[in-house]
Amino acid sequence: MDSLSTIGENHGMTRYELHHANCFEWLKDQPANSFHGVCTDPPFGIVEFLPHEMAKMRSGRGGVWRLPPTIGGSKRDPLPRFTTLSDKEREHVQVYFRELGEALHPVLVPGAHILLAGTPMLQHLVQMGFAEAGFEVRGAIMRLYRGFRGGDRPKLAEAEFPEVCVTPRGNYEPWMLFRKPIGERTVAENLRRWGTGALRRIAVDQPLPDIIQSGKTPQIEESVFNHPTMKPQHLLRILARSLLPTGEGRILEPFAGSGSTIAACEAIGYDSVGIEVDDEYFTALEPNIAALSALYPTFKGQRLELDPQSDQLSNKRQQRSQRGIQSALL
Ligand SMILES: C[S@@+](CC[C@H](N)C(=O)[O-])C[C@H]1O[C@@H](n2cnc3c(N)ncnc32)[C@H](O)[C@@H]1O
């Protein structure tokens with residue numbers, strides 16, 4: 001495909017490229033060593049963004065997408081339920097991520113990092129796939145936020161087992177970290193030659209932590225575009241910024257969705273490239289990126305605190321639950 005490729009022609013000073021394509025096909029045509037980092041939020045269970053599942057999600061009926069229970073009268077967005085995956089689909093997850101790793105490997109410079117959003121239930125399969133593709137597994141950065149997964153009593157026996165939950169209630173999202181092995185003798189030499197091999201600190205006296213206090217995507221961001229899995233600018237700007245340790249290079253987001261990662265790169269002042277296969281999402285990318293990157297103009301991912309302008313701060317229930325998570329960690 002790649003029916004429309006926007007390379008800053010109509011963008012004035014913007015620094016991104018967008019491609020309407022299947023990223024696996026698109027990656028085959030890219031020159032070696034052309035990206036310095038990947039910040040991405042791929043389909044977790046693979047099946048949820050296939051056309052038949054998307055049709056079910058858009059019509060609100062059946063499939064892997066479910067509507068979480070209404071809480072306090074407020075309408076919830078659909079969430080994919082990964083417990084419904086069959087053994088074969090689980091195997092497919094690992095193969096899918098091995099193939100994604102194999103497609104990314106040649107286009108990344110030595111020492112380039114990948115930050116990839118996942119779900120605790122499938123994390124091991126993603127890590128095995130990337131390891132098989134030749135990447136180093138470098139742990140994960142935990143986004144702490146109150147999700148809506150898990151914590152339920154056994155279905156249709158809730159009253160019988162009031163003290164039971166089938167899985168723990170989800171309070172984090174792992175952003176798995178991978179590195180293409182460095183090509184030089186030391187990290188310092190790799191940094192000098194390729195600008196990669198390490199991560200950018202939050203500040204000179206503050207390393208990047210592996211837990212980031214986050215929150216639900218703020219209303220002001222969700223009102224820009226209705227994408228079921230839009231990630232918050234606060235988190236994305238911190239993560240994307242960390243991928244270019246010297247501030248030089250180009251970030252790839254092969255699953256652009258609403259354009260939130262590209263908007264984060266734009267806000268920071270990083271060059272980036274976004275790929276999106278879905279027609280509706282691709283068409284909305286440019287206006288979404290313009291609107292999202294214009295939010296919180298002083299926040300460029302260079303501190304961990306939430307931006308005072310963000311309604312992540314004004315959501316009282318969210319704040320209470322974040323305090324609960326924090327105190328549980330102490
Ligand atoms: C989990 S969503 C990304 C959401 C994004 N992080 C955001 O904040 O809006 C994954 C996206 O990848 C797209 N996608 C799925 N398979 C793809 C492929 N092979 N190539 C390019 N895009 C793909 C889907 O249409 C979907 O929009």
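Colleague: At what angle do helix H7 and helix H8 pack, and how far apart are their axes?

Modeller: This is a predicted model, in which local features need pLDDT of at least 70 and side-chain atom pairs count only at pLDDT 80 or more, while totals for chains, interfaces and linings use all residues. Residues are numbered from 1 along each chain as its sequence is written. Helix H7 (residues 233–242) and helix H8 (residues 260–268) pack at about 65 degrees, with their axes 9 Å apart; axes are lines fitted to C-alpha atoms, for helices over the stretch in contact, and angles run from 0 to 180 degrees between N-to-C directions.

Colleague: What makes H7 roughly perpendicular to H8?

Modeller: Angles of 65 to 115 degrees count as roughly perpendicular, those under 35 as roughly parallel, those over 145 as roughly antiparallel and the rest as oblique, and the angle here is about 65 degrees, so H7 is called roughly perpendicular to H8. Gln233, Leu236, Arg237, Ala240 and Arg241 in H7 meet residues of H8 that include Ser260, Ala264 and Ile268, where contact requires C-beta atoms, placed from the backbone, within 7 Å.

Colleague: Why are H3 and H4 called oblique to each other?

Modeller: H3 and H4 pack at an angle of about 40 degrees, with their axes 7 Å apart, and they are therefore oblique to each other. The contact is made by residues including Val93, Phe97 and Gly101 of H3 and Leu125, Val126 and Phe130 of H4, and by class it has 8 nonpolar, 3 polar and 3 charged residues.

Colleague: Which residues of helix H4 are buried, and what covers them?

Modeller: The buried residues of H4 (residues 123–132) are Leu125, Val126, Gln127, Gly129 and Phe130, a residue being buried if 20 or more other C-beta atoms lie within 10 Å of its own, exposed if 12 or fewer, and partly exposed in between, with C-beta atoms placed from the backbone. Their cover includes helix H3 (87–104), strand E6 (108–117), strand E7 (136–144) and strand E8 (172–179).

Colleague: How do you know whether Phe44 is buried or exposed?

Modeller: Phe44, in the loop between strand E3 (35–40) and helix H2 (51–59), has 22 other C-beta atoms within 10 Å and is therefore buried. Its C-alpha atom is separated by 8.9 Å from that of Val126, 82 residues apart along the chain.

Colleague: Why is Asn33 called partly exposed, and what is its phi?

Modeller: Asn33 has 15 other C-beta atoms within 10 Å, so it is partly exposed. Although Asn33 is not a glycine, its phi is positive, about 55 degrees. Tyr296, in the loop between helix H9 (279–293) and helix H10 (316–329), is another residue other than glycine with a positive phi, near 50 degrees, but Tyr296 has 20 other C-beta atoms within 10 Å and is therefore buried.

Colleague: How many residues surround the ligand, and which are the closest?

Modeller: The ligand is surrounded by 21 residues, the closest being Asp41, Phe255, Gly257, Ser258 and Ser260, and a residue is near a molecule if its C-beta atom, placed from the backbone, lies within 6 Å of it. By class, this shell has 11 nonpolar, 6 polar and 4 charged residues.

Key: Ala, Val, Leu, Ile, Met, Phe, Trp, Tyr, Cys and Pro count as nonpolar, Asp, Glu, Lys and Arg as charged, and the others, Gly among them, as polar. Helices (H or I, at least four residues) and strands (E, at least two) are DSSP runs, numbered from the N terminus. Two residues are in contact if their C-beta atoms, placed from the backbone, lie within 7 Å.
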